[in-house]
Amino acid sequence: MTRARFGTIVLGALLVAWLGSSVRAGVLVDARAQGTKRVVVMSITVPKKGVPPVTLTTREGEMVTLSIEGVGKIGFEPAFHGNSESPVTVTVYDIATSPRQKLGEAEVPVAGKAVQTKTSPSFGIQITKVTQPK
């Protein structure tokens, strides 16, 4: 298990313990070329009163998921246009359906203000950091 993967698992476990049953984090990982993908740290504001923004970390082109009580299981997948680091296109999916359903996407600047998605439900997405692969 890589250190980054272990950190993601620990972060997810801490979020689950901290938020109880209202929000749970997970990662869907594509094992191909992990070492060459940039790492994206996102802050997600969920459509549930009293729940603080959730920080999620994933690699470009890989989905990270949230299970939100009363909302469902939602996936967030960041992508870049070429070598540019900003903006990041974040695609939002309902992954509780089979096949998963694309709800929409948002263009989010790096280290800028949160962008509200035009999805139903709506999420606030802020890209707090992008790091190059090591």
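Which two strands form a hairpin with three residues between them, and which residue in the turn has a positive phi? They are β4 and β5, and the turn residue is Gly70, with a phi of about 85°. Before I go on, please keep in mind that this is a predicted model, in which local features need pLDDT of at least 70 and side-chain atom pairs count only at pLDDT 80 or more, whereas totals for chains, interfaces and linings use all residues. Residues are numbered from 1 along each chain as its sequence is written, and side-chain values use heavy atoms, with hydrogens and water left out.

Let me stay with the strands, which, like helices, are DSSP runs numbered from the N terminus, a strand (E) having at least two residues and a helix (H or I) at least four. Two strands are said to pair if DSSP finds at least two bridges between them. On to β6: β5 pairs with β6 in the antiparallel sense over six bridges, and the partner of Phe76 in β6 is Val92. There is also an open sheet of four strands, in the order β3-β2-β9-β8, with antiparallel pairing; its edge strands are β3 and β8, each of which pairs on one side only. Within that sheet, six bridges connect β2 and β3 in the antiparallel sense, and Val40 has Thr58 in β3 as its bridge partner.

Now to Arg38, which lies in the loop between β1 (23-28) and β2 (39-45). Is Arg38 buried or exposed? With a relative accessibility of 8%, Arg38 counts as buried, where buried means under 20% relative accessible area, exposed means over 50%, and partly exposed is in between, using a 1.4 Å probe and protein chains only. If we define contact as heavy atoms within 4.5 Å and leave aside residues up to four places away in sequence, the residues that Arg38 touches include Thr58, Phe80, Ser84 and Val130. The charged end of Arg38 sits over the ring of Phe80, 3.9 Å from the ring centre, the criterion being that NZ of Lys or CZ of Arg is within 6 Å of the ring centre and within 35 degrees of the ring normal. A polar atom of the Arg38 side chain is also 3.3 Å from the backbone oxygen of Ser84. Elsewhere, Arg100 lies over the face of Tyr93, at 4.7 Å from the ring centre.

In one of them, the side chains of Glu62 and Lys37 meet at 3.5 Å, N to O. Glu62 lies in the loop between β3 (54-59) and β4 (63-68) and Lys37 in the loop between β1 and β2, so this pair ties together parts that are 25 residues apart in sequence. Both Glu62 and Lys37 are buried. Another joins Arg38 and Glu60, at 2.9 Å, N to O; since Arg38 is in the loop between β1 and β2 and Glu60 in the loop between β3 and β4, the pair ties together parts that are 22 residues apart in sequence. Arg38 and Glu60 are likewise buried. There is also a salt bridge between Lys102 and Glu105, at 3.4 Å, N to O, where Lys102 is partly exposed at 47% relative accessible area and Glu105 is partly exposed at 45%.

For aromatic rings, those of Phe, Tyr and Trp (its six-membered ring) pair if their centres lie within 6.5 Å, and planes under 30 degrees apart count as stacked, over 60 as edge-to-face and the rest as tilted. By this rule there is one aromatic pair. The centres of the Phe76 and Phe123 rings are 5.3 Å apart and their planes are at 90°, so the pair is edge-to-face. It links distant parts of the chain, with Phe76 in strand β5 (residues 72-79) and Phe123 in the loop between β8 (115-116) and β9 (124-131), 47 residues apart. Both phenylalanines, Phe76 and Phe123, are buried.

Finally, some backbone details. A cis peptide bond joins Ser86 and Pro87, with omega about 0°, and another joins Ser98 and Pro99, with omega about -5°. Ala111, in the loop between β7 and β8, has a positive phi of about 60° although it is not a glycine.

Terms used. A polar contact is a pair of N or O atoms within 3.5 Å; within protein, one must be able to donate a hydrogen and the other to accept it, and residues adjacent in sequence count only if both atoms are side-chain atoms. A salt bridge is a side-chain nitrogen of Lys or Arg within 4 Å of a carboxyl oxygen of Asp or Glu.
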